[in-house]
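The points are grouped by topic.

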Number of protein chains: 6
Amino acid sequence: MRIAVCPGSFDPATNGHIDIIERSALLFDRVIVAVSNNLSKQPMFSIEERMALLSKACEDIPNVEVDSFSGLLIDFAKQKKATAIIKGLRAVSDFEYELQMALMNRKLQPDIETVFMMTNSKYSYLSSSLVKEVARLGGCIKGLVPEPIEEEILKRLR
Amino acid sequence: MRIAVCPGSFDPATNGHIDIIERSALLFDRVIVAVSNNLSKQPMFSIEERMALLSKACEDIPNVEVDSFSGLLIDFAKQKKATAIIKGLRAVSDFEYELQMALMNRKLQPDIETVFMMTNSKYSYLSSSLVKEVARLGGCIKGLVPEPIEEEILKRLR
Amino acid sequence: MRIAVCPGSFDPATNGHIDIIERSALLFDRVIVAVSNNLSKQPMFSIEERMALLSKACEDIPNVEVDSFSGLLIDFAKQKKATAIIKGLRAVSDFEYELQMALMNRKLQPDIETVFMMTNSKYSYLSSSLVKEVARLGGCIKGLVPEPIEEEILKRLR
Amino acid sequence: MRIAVCPGSFDPATNGHIDIIERSALLFDRVIVAVSNNLSKQPMFSIEERMALLSKACEDIPNVEVDSFSGLLIDFAKQKKATAIIKGLRAVSDFEYELQMALMNRKLQPDIETVFMMTNSKYSYLSSSLVKEVARLGGCIKGLVPEPIEEEILKRLR
Amino acid sequence: MRIAVCPGSFDPATNGHIDIIERSALLFDRVIVAVSNNLSKQPMFSIEERMALLSKACEDIPNVEVDSFSGLLIDFAKQKKATAIIKGLRAVSDFEYELQMALMNRKLQPDIETVFMMTNSKYSYLSSSLVKEVARLGGCIKGLVPEPIEEEILKRLR
Amino acid sequence: MRIAVCPGSFDPATNGHIDIIERSALLFDRVIVAVSNNLSKQPMFSIEERMALLSKACEDIPNVEVDSFSGLLIDFAKQKKATAIIKGLRAVSDFEYELQMALMNRKLQPDIETVFMMTNSKYSYLSSSLVKEVARLGGCIKGLVPEPIEEEILKRLR
């Protein structure tokens with residue numbers, strides 16, 4: 001059985017994230033979406049809320065489960081016996097940062113591979129922070145995030 | 001009549017900004033320089049000061065006016081009946097960020113176009129924050145910003 | 001009256017090209033689509049055929065006309081009294097090449113501006129040469145080029 | 001069973017290619033290395049020779065086989081019932097070109113995914129054409145290609 | 001005698017930094033490693049500690065000395081009668097930022113040249129902040145920084 | 001004595017090339033401008049002509065001499081006892097290609113360093129091939145190449 005870890009802050013998950021998770025689920029037997037417990041950023045949603053929103057958004061994909069991690073991603077991946085780490089790519093700057101992280105992770109754990117998948121081009125401009133900024137300034141975020149997440153964002157900002 | 005909005009933080013305007021505004025004024029009937037009231041950054045100049053400095057720097061260009069906005073740029077542009085948003089481009093990372101914003105703005109308002117213009121290559125290394133850093137550390141900023149803005153920066157730092 | 005020149009090889013025009021031409025027509029009073037007579041490449045369509053296909057594809061946009069040029073683009077633009085040259089941007093390498101050409105054109109003729117517009121992200125992977133390659137290898141090109149151009153390509157390859 | 005296609009010209013295969021093939025073999029049940037029969041380039045090795053050299057270089061990886069294709073890669077992948085196309089990434093320009101091809105392939109066949117893997121950083125500068133150029137000019141190519149391929153290249157150039 | 005300044009935050013120095021310093025020492029008669037006293041970041045090591053760690057790491061390179069600066073780098077370089085500023089390059093985003101700084105420095109002081117050297121590809125993913133993050137999260141940093149620096153980082157984090 | 005090799009096709013040398021050569025001459029005791037005898041391109045000027053034009057353009061820089069090479073650059077550099085290879089950088093794609101070549105050269109000869117210098121931003125769009133293309137199409141190339149080279153190009157095209 002091949003297991004992949006799909007990590008991120010997911011604060012909150014966008015349709016771009018969901019798109020990558022769905023594609024990953026076709027390539028691996030089991031996909032563990034791993035929410036990073038990164039304390040350095042002030043999140044809009046707590047880690048439990050982010051996990052709950054992701055679980056709901058992925059509930060129809062049978063081989064996907066949601067988890068969280070707080071140490072090194074590569075240690076989490078090893079503990080979960082993952083074969084691969086999956087990252088979505090949008091733009092060149094994404095690629096360079098992801099390349100840096102993937103090379104560091106390879107140094108730390110050579111037998112876990114990082115694989116990159118392309119975000120759907122219709123989501124190429126999406127990021128969690130841009131979605132939150134648009135919502136904060138009163139813009140419409142319909143179609144950018146799953147519907148229940150849209151509702152939660154709007155509730156927070158009221 | 002075709003109206004364009006030229007947005008930015010302009011904290012303060014550099015000669016690179018003025019160069020783009022001057023070129024824009026040849027392409028559109030009316031150019032509205034729109035100072036962003038972005039509270040997340042601690043500015044050197046208040047929004048009123050930034051507007052006053054820009055107005056002075058552009059006083060010889062008849063079809064340019066200076067305004068400010070605090071919500072979504074695209075809502076401001078719509079309210080002003082703008083046909084286009086104008087952005088100056090310097091480097092690749094500029095381009096990617098601007099592409100992301102332009103795609104988001106197109107999603108939010110498909111009938112307002114973002115057009116990109118090249119900064120003069122002699123200003124290709126200029127940014128407001130670099131100018132402020134150089135001035136703070138005692139470097140000469142002559143030729144990087146309009147003269148009245150140079151004086152104001154030096155006054156602040158004394 | 002502001003005139004813009006929208007240059008290219010258009011061998012043949014793709015839906016990405018048509019998208020940029022349509023957007024340009026909203027920003028300028030008159031848009032001259034300028035087919036480059038670049039002899040160094042072996043084209044699939046003659047310059048007359050490329051012009052005819054473009055004219056058909058743009059026949060519903062009243063302020064667009066199709067022309068050709070064989071010398072320097074900037075000389076053609078000047079002769080047509082153009083205010084601007086319009087280029088569509090897709091990727092970073094596009095941007096760098098276009099920046100180089102725009103800076104050279106500014107040196108040759110400082111009063112004609114190059115403006116860049118974003119290709120629709122759904123056409124971000126399109127190029128004339130990729131379309132021809134896909135068609136040559138038997139792939140479906142529906143939706144990538146205007147319908148009459150699709151038919152012409154298939155006719156050539158039979 | 002998940003099958004992946006790993007395409008390329010492989011004229012000849014470098015250690016960077018072999019590295020990607022080895023990693024792919026850990027992620028998929030079966031990896032089909034697909035040599036492109038691209039007639040537009042004048043190859044150093046015939047398609048049969050390239051396949052034979054690759055077969056020898058991969059003979060110790062049980063789930064890898066070598067094949068060739070002459071039409072669209074995506075048609076070959078479909079015919080082989082592949083789940084994924086695997087591409088190695090080295091640099092930013094690689095990434096952009098590969099992104100373009102991946103988006104076109106997704107348009108042609110939405111249910112076959114392109115996944116990207118990082119070339120080992122010690123091979124980040126390698127390409128078949130650079131290896132051939134170095135060998136032609138008398139440079140040492142030991143460590144850049146598998147040993148039997150090194151011998152074949154030197155034999156050709158004598 | 002040709003003097004070069006090799007600036008950085010060095011919080012702390014990595015093996016990538018030491019690699020660039022060693023290479024620089026072969027190109028110039030005297031290399032001054034210049035630790036930036038940039039107060040805007042909260043450093044892990046004080047400027048004196050960073051200088052001491054660097055001095056130890058470079059003690060075997062006879063023509064290298066360690067110093068610090070707090071104003072403009074270019075003023076420090078001028079005061080030291082430097083011919084050149086040396087910067088290591090890793091990735092494209094590095095290059096763009098460094099190009100911007102180099103152009104600004106050339107404007108401020110046209111007779112001091114910025115020269116760029118390639119970081120060893122085996123250190124291409126290294127940065128001081130990534131090393132600190134890995135160490136904080138319990139990852140092994142052996143081989144990423146000189147041994148005495150590794151010990152100091154671990155001591156701090158205990 | 002530190003010797004640097006500054007390689008290129010120089011078909012013909014542009015003001016951007018001369019700018020880099022002049023700067024190099026301040027950093028090294030002796031600079032050998034090395035004209036590549038690359039037979040795969042059809043040059044406008046023979047190797048002897050290119051050397052003569054360069055010699056004339058550099059005649060006022062005492063520590064610069066002009067030579068040619070036909071094998072591997074790194075072998076030429078070694079034979080000349082060079083410490084460094086100097087390359088001018090303009091754009092990101094330049095950087096990636098040059099990085100690839102530099103890494104290959106380091107593999108072939110680890111003790112010769114490649115150093116990169118920034119082209120003056122006023123020449124950032126210049127290349128030999130663009131200059132030739134502009135001249136062929138009747139554009140003015142004054143200020144893009146040294147005056148005697150301008151005359152030679154125009155003579156060829158008459």
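Predicted model: local features only at pLDDT ≥ 70, side-chain atom pairs only at ≥ 80, totals over all residues.

Does F10(A) count as buried or exposed? F10(A) counts as buried, because its relative accessibility is 4%, under the 20% limit for that class.

**Backbone geometry**

- F10(A) lies in the loop that runs between β1 (3-8) and α1 (15-27) of chain A, and its phi is near 50 degrees, a positive value in a residue other than glycine.
- K81(A) likewise is a residue other than glycine with a positive phi, near 55 degrees; its place is the loop between α3 (73-79) and β4 (84-89) of chain A.
- K81(A) counts as exposed, because its relative accessibility is 67%, and the class begins over 50%.
- In chain B, the peptide bond between D11(B) and P12(B) is cis, with omega about 0 degrees; P12(B) sits in the loop between β1 (3-8) and α1 (15-27) of that chain.
- In chain C, a cis peptide bond leads from D11(C) to P12(C), with omega near 0 degrees, and P12(C) is found in the loop between β1 (3-8) and α1 (15-27) of chain C.

- R2(D), L27(D) and M118(D) together supply 29% of the area that chain D buries against chain A, more than any other three residues.
- Chain D contributes 27 residues to the contact, and chain A contributes 27 residues.
- The interface of chain D and chain A holds four salt bridges. One of them links R2(D) to D29(A), with the closest N and O atoms 3.1 Å apart.
- On the side of chain D that touches chain A, at least two residues come from each of α1 (15-27), β4 (84-89), α4 (92-108) and β5 (113-118) of chain D; α4(D) gives the most, with seven residues.
- By residue class, that side of chain D comprises 15 nonpolar, five polar and seven charged residues.
- Strand β5 (residues 113-118) of chain A runs antiparallel to β5(D), and three bridges join the two. Within this pairing, F116(A) has F116(D) as its bridge partner.

**Strand β5 of chain C**

- Strand β5 (residues 113-118) of chain C is largely enclosed by the rest of the structure, because six of its six residues are buried.
- In a regular strand the side chains alternate between the two faces of the sheet.
- Both faces of β5(C) are covered, with E113(C), V115(C) and M117(C) buried on one side and T114(C), F116(C) and M118(C) buried on the other.
- Strand β4 (residues 84-89) of chain C pairs with β5(C) in the parallel sense over six bridges, and G88(C) has M117(C) as its bridge partner there.
- Strand β5 (residues 113-118) of chain B pairs with β5(C) in the antiparallel sense over three bridges; here the bridge partner of V115(B) is M117(C).

**Chains without contact**

- Chain B and chain D do not touch, and their nearest C-alpha atoms are 12 Å apart.
- Chain C and chain E are not joined by any contact, their closest C-alpha atoms lying 12 Å apart.

Terms used. Residues numbered from 1 in each chain as written. Chains lettered and ligands numbered in written order. Heavy atoms only, no water. Contact = heavy atoms within 4.5 Å. Buried area = accessible area lost by both parts, 1.4 Å probe. Salt bridge = Lys/Arg side-chain N within 4 Å of Asp/Glu carboxyl O. Helix = DSSP H or I, 4+ residues; strand = E, 2+ residues; numbered from the N terminus. Nonpolar A, V, L, I, M, F, W, Y, C, P; charged D, E, K, R; others polar. Pairing = 2+ DSSP bridges. Buried < 20%, exposed > 50% of the residue type's maximum accessible area, 1.4 Å probe, protein only.
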